[in-house]
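Dear colleague,

I am passing the model on to you below, together with some notes on what turned up when I went through it. Please read them with the coordinates open beside you.

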Amino acid sequence: MHSTLSFSRATTVPTTNYAFHSQSPINLRFCGLRREAFGISILTRSSSGRVRLSTRGRSKRISASTGNNGTPPKSFDYDLIIIGAGVGGHGAALHAVEKGLKTAIIEGDVVGGTCVNRGCVPSKALLAVSGRMRELQSEHHMKALGLQVSAAGYDRQGVAGHANNIASKIRSNLTNSMKALGVDILTGFGTIVGPQKVKYGKVGFTDNVVTAKDIIIATGSVPFVPKGIEVDGKTVITSDHALKLEFVPDWIAIVGSGYIGLEFSDVYTALGSEVTFIEALDQLMPGFDPEISKLAQRVLINPRKIDYHTGVFATKITPARDGKPVIIELTDAKTKEHKDTLEVDAALIATGRAPFTNGLGLENINVVTQRGFVPVDERMRVIDANGNLVPHLYCIGDANGKMMLAHAASAQGISVVEQVTGRDHVLNHLSVPAACFTHPEISMVGLTEPQAREKAVKEGFEISVAKTSFKANTKALAENEGEGLAKLIYRPDNGEILGVHIFGLHAADLIHEASNAIALGTRIQDIKFAVHAHPTLSEVLDELFKSAKVKAPASTSSPISEPVAA
Amino acid sequence: MQTQLGSAVFPRLLRRSLSYIPSILYSLHSLLNLFHFFRFLSNSSPQSQKHKEMASPFLSNTIISFSSSLSSSSSLPRLAPSIPFSAIRSKSTPRRILTVRSKIREIFMPALSSTMTEGKIVSWVKSEGDVLSKGESVVVVESDKADMDVETFYDGILAAIVVGEGETALVGAAIGVLAETEDEIAEAKAKAASKSGASTPSAPPPAPTPAAASTPAPPKSTPAPAAPTVAEGPRKTVATPYAKKLAKQHKVDIESVVGTGPYGRITPEDIDAAAGLSPSKKNVGLAVVVETKPAAPAKAPAASAAPSSLPPPVPGSTVVPFTTMQSAVSKNMVESLSVPTFRVGYPVTTDALDALYEKVKPKGVTMTALLAKAAAMALAQHPVVNSSCKDGKSFTYNSNINIAVAVAINGGLITPVLQDADKLDLYLLSQKWKELVEKARAKQLQPQEYNSGTFTLSNLGMFGVDRFDAILPPGQGAIMAVGASKPTVVADADGFFSVKNKMLVNVTADHRIIYGADLAAFLQTFSKIVENAESLTL
């Protein structure tokens, strides 16, 4: 059904209504970063074959039809303008240059965006410290290895400095890489003034207007702070403040137990804080595969100085002042009744992120955001209020809300550049891995088990689950880090990998074998013949693939199916 | 959860020999090793030698536990008829018929593997008062290998939970009590009460709290203390997450503990104290070690002397919990008792110093800076006095001379540290000192600015104190207590009287590393430096 629709859209109707899918999340249960991936995949898989045939025709038609509007200029200043120089915009710019496009990037703040300045990068610096602290503090662990270490301590300023240094280093790397390739970096806030036209400038200065054949919106997101919570940046903070590590409270409440909250709980408990989680859903770590989150809770929460309140909203948070601590009012998520009041030293709001799309001038081109997100189709083409595609305008990354991960934004940007340079490309979001850098790490790609089961029922196929333990891995045992689990969800009939979830040492690095297999369509019966060095952690996945029971035989064309005689 | 293994055989791993048995059946949901086991059984051609080797320890392990569990289940008395795999039971075992003497049954900690000696309750699926029917999961138990659901064999009511979530119990110990009817709940509870005492041996050392003895009822396991809404009434108990965990572990009634943390909250240290344990050593590295000092030397030892047998408070007295800083002082003071110290006093003539002070005072130099500089210069010549004894076996010679100076600040005491006091000149030192004091008053000192001292200086001379005795802060070798400088009639060797300013200096030192002669020599040097004060400005 989907394939028929997309076929007719591409060939017969120039201004097709694209709004028939994926605008409202298909299934709200998939919260957080995995929300939309499921719905999209069905579309991509079923329609990709035919769409490819007709793409070229369509893109010509669109430019012809917009030509009638009269507004867009005949010659452009740039081939591609990207608004926002975060990781998504950077990835798109580099790929655009490689494809020979004259490219500019507009940035009103610092290059690098959230990831580099206020997200993944500085948090990894803090987590690197917390991992080592944790190891040094674990007498049991040290003893097992035969090591003796006297009390480990830390210098808060030194730790904060490390996080800051790495952010500025990566930031200058990004800036230099773009300059070296000849990407123009235009400073100021970008606003779309009309089709293929953007103005930019600093507040109080005259604006410059530039034109481009294609425009990518990549403005990212900011921490989301629910109503009733007063952020003062000192005792009630968001991840932006927490990454500066200006103080380490004795007791901090973390609102939200997603991956941001989890990572910070890892940092704070390693530095000596006690943590209280506040989670609106009934279970901690709602975005993860249930089995993984259960195990993770046993390792990352229960033995640490952490307690939690689930099924409650933090409806009011007052920062510490007048000699009073931070006061948090908890309200039952179901009955909406007052449930408890907490008094803590600090509160970190990690309830997710909100798109940063205000002031983009979307009203000038009749685009209405949905909860701030820019509506796009599966090719990241922006959809206007009437459900029509806006020609030459794309939106990638957190601003479209499809999958709020830095590397997903970059992949979407590359996908867009592929499209504007004449090759149709649809990113399979189910092949985009995600990772949480706790100790040990959690990583995942594809569907969780409940999602896979639901899909299996809907589409009428069987699924199986295979699991391996890090306890059986030589390298993990040598490191004395045998705690962990890898889980594979697959179709036993054809060996398709539906999802892989890993909890254990270096899980974030291990996931890529699985995500690449999904991206390339490699089946289990083929990949199980690939050889892994021994002893390495990668053998956890080797074991996992080998333990799957696939009925289909290995494909004869597989390059690794036939061992070559020496 | 249980469906993940499909209909795979769930070995029932049962404990033998307890006669009026709990009616419990275990289903297994995530035994990974067994998973491997099955895989290897079914995999006739091992993929490679390597894998075989890697897995073999687990394989053999698994076989042992597997077979032993079979054999143990074979000796079981009558079990629920609903068990689906009764075929595996050996026919030769005589079946004893279990006579139910009481309708109150205990639920025991099952042996879920051959190596399991104790189990931890992951969670109670049912709570007290819930009606159970045969075959329902009641509790999830974590063994050394995996989590397993434990099911009941009987209908009934879960009258009492003896071992709460997160606690551990020996295999065979009662973890809960099942009553058949509502009427028996009270009786069952009483039984549970008597049991909880018996089951504790498995738990960590029983806490000598009166609460544990008199009310052995299962501790309230709900983490959030009740009565939240009545904010106006008695202040609600606030306990930190770790304090709650510790309270559970040590079976301390958290409501009975007086919080000493910020805003009167109950800290892990309070629970340790209530449980009669010394504060755990683990925190030392992390805990922001505030400092120490002679502020209230008499008080601390007295307070710590008999924590268990405190006399009842005099009526009308007010209990004011320590602030964080005061707690740290208290802790350090108690810790100092483990160090064998001794004291040596020395009179120092200060006329030259006083003259110098008058001269440099306009340039912002303080007496503290002068004394610190003098001490640092003396320490440079007597490195042993600047050393410390960390482990009772060795000297730790500090490469820097960092003079900590005790400062009273509002409600507390802190020791900002003048680092490398021997190397900085007097003016820089004075400037540095000013900054430190400002920071200390604003509570903005960084840890290395108050805990990196190698020698401490405490001066009460400005109050007119002529001599006093300081307590040695843990981690340092010596501390100097300086009294007031006073005009004193002095007779010299020739019998001439004169009036000189003299102050009494008293050093307390760790006799494990610093001996009397060391200290005497150091004081002599110090005295010479002070008497030739001009050298301080060099």
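In this predicted model, Asp266(A) and Arg304(A) are joined through their side chains by a salt bridge, with 2.9 Å from N to O. Asp266(A) belongs to helix H9 (residues 259-270) of chain A, whereas Arg304(A) sits in the loop between helix H10 (290-301) and strand S11 (306-310) of chain A, so the bridge ties together parts that lie 38 residues apart in sequence. Both partners fall under the 20% cut-off for a buried residue: Asp266(A) is buried because its relative accessibility is 0%, and Arg304(A) is also buried, with a value of 10%.

Turning to chain B, a salt bridge of 3.1 Å (N to O) connects the side chains of Glu534(B) and Lys359(B). Since Glu534(B) is in the segment after helix H12 (516-531) of chain B and Lys359(B) is in helix H9 (residues 351-360) of chain B, this pair ties together parts that are 175 residues apart in sequence. Glu534(B) itself is partly exposed, its relative accessible area being 44%.

Another salt bridge in chain B is formed by Lys439(B) and Glu449(B), whose closest N and O atoms are 2.9 Å apart. Here Lys439(B) comes from helix H11 (residues 426-441) of chain B and Glu449(B) from the loop between H11 and strand S15 (455-459) of chain B, so the parts tied together are ten residues apart in sequence. The two partners fall into separate accessibility classes, because Lys439(B) is partly exposed at 31%, while Glu449(B), at 12% relative accessibility, counts as buried.

Beyond these pairs, chain A holds a network of salt bridges that links Asp289(A), Glu291(A), Glu449(A), Arg453(A), Lys467(A) and Lys487(A). Over all chains, the count of salt bridges comes to 32.

One annotated position may also interest you. The UniProt record, an unreviewed entry, carries the annotation "active site" at His534(A), and such annotations may be inferred rather than shown by experiment. In the model, His534(A) is located in the loop between helix H16 (524-527) and helix H17 (539-547) of chain A, and with a relative accessibility of 39% this residue counts as partly exposed. The side chain of His534(A) makes a polar contact of 2.7 Å with the side chain of Glu539(A).

Note on methods:
Residues numbered from 1 in each chain as written. Chains lettered and ligands numbered in written order. Predicted model: local features only at pLDDT ≥ 70, side-chain atom pairs only at ≥ 80, totals over all residues. Heavy atoms only, no water. Salt bridge = Lys/Arg side-chain N within 4 Å of Asp/Glu carboxyl O. Helix = DSSP H or I, 4+ residues; strand = E, 2+ residues; numbered from the N terminus. Buried < 20%, exposed > 50% of the residue type's maximum accessible area, 1.4 Å probe, protein only. Polar contact = N/O pair within 3.5 Å; in protein donor to acceptor, adjacent residues only side chain to side chain.
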